[in-house]
Amino acid sequence: MSLLEVTHLESGYGRIPVLHGIDLAVEEGEMVAVIGPNGAGKSTLMRSIFGLLPRWHGEVQFLGRRVHDYEPSLLPTWGLSYVPQGINVFTALTVAENLEMACHLLKVPGPKIREICQRFPILERRRGQLAGTLSGGERQMLAIASALMLGPKLLMLDEPTTGLAPIVAAEVIQHILDINREGTAILWVVEENPASVLQHCSRVYLLESGQIRRTDSGIGLLNDPHFAELFLGVA
Ligand SMILES: Nc1ncnc2c1ncn2[C@@H]1O[C@H](COP(=O)(O)OP(=O)(O)OP(=O)(O)O)[C@@H](O)[C@H]1O
Ligand SMILES: [Mg+2]
């Protein structure tokens, strides 16, 4: 049994289907990526895995338990954390309040904040600042820090580097690689900087029009000239 196992998942909005029978798995400690063009259904897949969208057909199992039988708010306590695309912090609260809120919601003891801030020293320096005024990179680090509170077994990230300056994106990527190296599995929607991320992924799912078109290792994809031309702009 895989850590996360998605079988024949179908989902959508209202009566409009988006996902058409997705099969996907993440093993303990693995780094897995989902890539695909805009509108392919990557974020819809993340929301559906986390139980935020109704499941029309198929199943999502985490640690052998059917995610859809439980409230999404329970999932972090099992070790499944999710950092959504876009607004993923409480913008009207300070950095410190955001971290305290995560502690409170997840019933984590306060000292965990200090441990998390040692990993992200910038958050310590921005403690009193409103999260809505953080730079893009700082906001992503706050969102990831909040998601790390319960020491997840699997961290789901939806485009954590999109829109960041290259040097900041590299810093965020390095944090995520470190988190993975320490044993947390990562399911990562990758949009920008694909080459620097995919080389570390044991498996990559290429999603198009709500279907998995291809599954390969990151290195396998990067060495495929057709893929490189399509996704990396290398002629
Ligand atoms: N809240 C919503 N209500 C209705 N349709 C939606 C909603 N969110 C997304 N969709 C539609 O679902 C499809 C997949 O969108 P999704 O956001 O999952 O794509 P994506 O692969 O994450 O794209 P991007 O790379 O731009 O983030 C699109 O056709 C989109 O218009
Ligand atoms: Mg998206």
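Strands count as paired if DSSP finds at least two bridges between them. Helices (H or I, at least four residues) and strands (E, at least two) are DSSP runs, numbered from the N terminus.

Before moving on, note that this is a predicted model: local features need pLDDT of at least 70, side-chain atom pairs count only at pLDDT 80 or more, and totals for chains, interfaces and linings use all residues. Residues are numbered from 1 along each chain as its sequence is written, while chains are lettered from A and ligands numbered from 1 in the order in which they are written.

**Stop 1**

Pick Ser11. Leu19 in β2 stands opposite Ser11. Now step to the turn. The hairpin of β1 and β2 has 2 residues between the strands, and Gly14 in the turn has a positive phi of about 60°.

In general, strands of a sheet pair through backbone hydrogen bonds, either parallel or antiparallel.

Go to β4 (residues 57-62). Strands β4 and β5 pair in the antiparallel sense over 2 bridges. Click Phe62: its bridge partner in β5 is Arg65.

**Stop 1: helix α1 and the ligand**

Select α1 (residues 42-49). Axes are lines fitted to C-alpha atoms, for helices over the stretch in contact, and angles run from 0 to 180 degrees between N-to-C directions.

Next, show ligand 1. Which residues surround ligand 1? They are Tyr13, Val18, Gly36, Asn38, Gly39, Ala40, Gly41, Lys42, Ser43, Thr44, Gln85 and Glu191. A residue is near a molecule or strand if its C-beta atom, placed from the backbone, lies within 6 Å of it. Helix α1 gives the most to this shell, with 3 residues.

Colour the shell by class. It has 3 nonpolar, 7 polar and 2 charged residues. Ala, Val, Leu, Ile, Met, Phe, Trp, Tyr, Cys and Pro count as nonpolar, Asp, Glu, Lys and Arg as charged, and the others, Gly among them, as polar.

**Stop 3**

Select α3 (residues 95-106) and α6 (residues 136-147). Their axes come within 9 Å and cross at roughly 25°. That makes α3 roughly parallel to α6, a label for angles under 35 degrees.

Show the side chains here. Val95, Asn98, Leu99 and Ala102 of α3 meet Leu142, Ala145 and Ser146 of α6. Residues are in contact if their C-beta atoms, placed from the backbone, lie within 7 Å. This contact divides into 5 nonpolar, 2 polar and no charged residues.

The axes of α6 and α7 come within 10 Å and cross at roughly 15°. Therefore α6 is roughly parallel to α7. Gly137, Gln140, Met141 and Ile144 of α6 make the contact with Val168, Glu171, Val172 and His175 of α7. By class, there are 4 nonpolar, 3 polar and 1 charged residues.

**Stop 2: another hairpin**

Finish at β9 (residues 203-208) and β10 (residues 211-216). They pair in the antiparallel sense over 5 bridges. Leu207 stands opposite Ile212 in β10. The hairpin has 2 residues between its strands, and Ser209 in the turn has a positive phi of about 50°.

Terms used. Angles under 35 degrees count as roughly parallel, over 145 as roughly antiparallel, 65 to 115 as roughly perpendicular and the rest as oblique. Two residues are in contact if their C-beta atoms, placed from the backbone, lie within 7 Å.
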